[in-house]
Amino acid sequence: MKILVIDDDQDFREFLGGLIGYYSPNADVVLAENGVKGLRIFSSNSASFDIVFTDRRMPGMLGEEVVREIKKISPQTRVVLMTGDDQKEVLQVAKAAGADKILFKPLQNEELRQALSF
């Protein structure tokens with residue numbers, strides 16, 4: 001399994017990458033520090049990514065924009081939008097963008113495990 005993690009917070013990005021590696025030891029985890037770089041990585045390797053985790057609020061590009069672009073390129077790729085924003089607002093925005101799952105920060109271990117296996 002190949003997983004892309006996009007988050008502008010370096011500590012969180014690296015922590016999540018490590019946690020994904022813990023729950024899915026055979027996963028190949030790629031990290032990107034913003035939506036533009038994440039889309040660049042995804043575009044050049046789209047066939048190989050199974051899941052993308054993206055933060056919602058990042059400089060230069062919102063997570064829902066990342067979700068929309070990924071779904072245009074590869075509709076079968078599972079995309080998880082992560083956020084600390086208000087749940088009601090995010091649910092509507094994320095579903096409209098095409099997110100397969102929404103995780104609210106702080107992430108819960110069980111929710112992450114479920115997101116890796118949905």
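Predicted model: local features only at pLDDT ≥ 70, side-chain atom pairs only at ≥ 80, totals over all residues.
**Notebook: rings and charges**

I started with Tyr22, which is exposed at a relative accessible area of 63% (exposed is over 50%, buried under 20%, partly exposed in between, with a 1.4 Å probe and protein chains only). Residues are numbered from 1 along each chain as its sequence is written, and side-chain values use heavy atoms, without hydrogens and water.

Next I looked up aromatic pairs and found two (ring centres of Phe, Tyr or the six-membered ring of Trp within 6.5 Å; planes under 30 degrees apart are stacked, over 60 edge-to-face, the rest tilted). Tyr22 pairs edge-to-face with Tyr23, at 5.3 Å between centres and 70° between planes. Phe42 and Phe49 are stacked, because their planes stand at 25° with the centres 5.8 Å apart. I saw that Phe42 is buried at 0% and Phe49 is buried at 3%.

Then I turned to salt bridges, and the count is nine (a side-chain nitrogen of Lys or Arg within 4 Å of a carboxyl oxygen of Asp or Glu). Lys37 bridges to Glu33, with the closest N and O atoms 2.6 Å apart. Arg56 meets Glu64 at 2.9 Å, and both are buried. Arg56 also bridges to Asp85, at 2.9 Å from N to O. That pair links distant parts of the chain, 29 residues apart. I noted that Arg56, Arg57, Glu64 and Asp85 are linked in a salt-bridge network.

How values were computed. Helix = DSSP H or I, 4+ residues; strand = E, 2+ residues; numbered from the N terminus.
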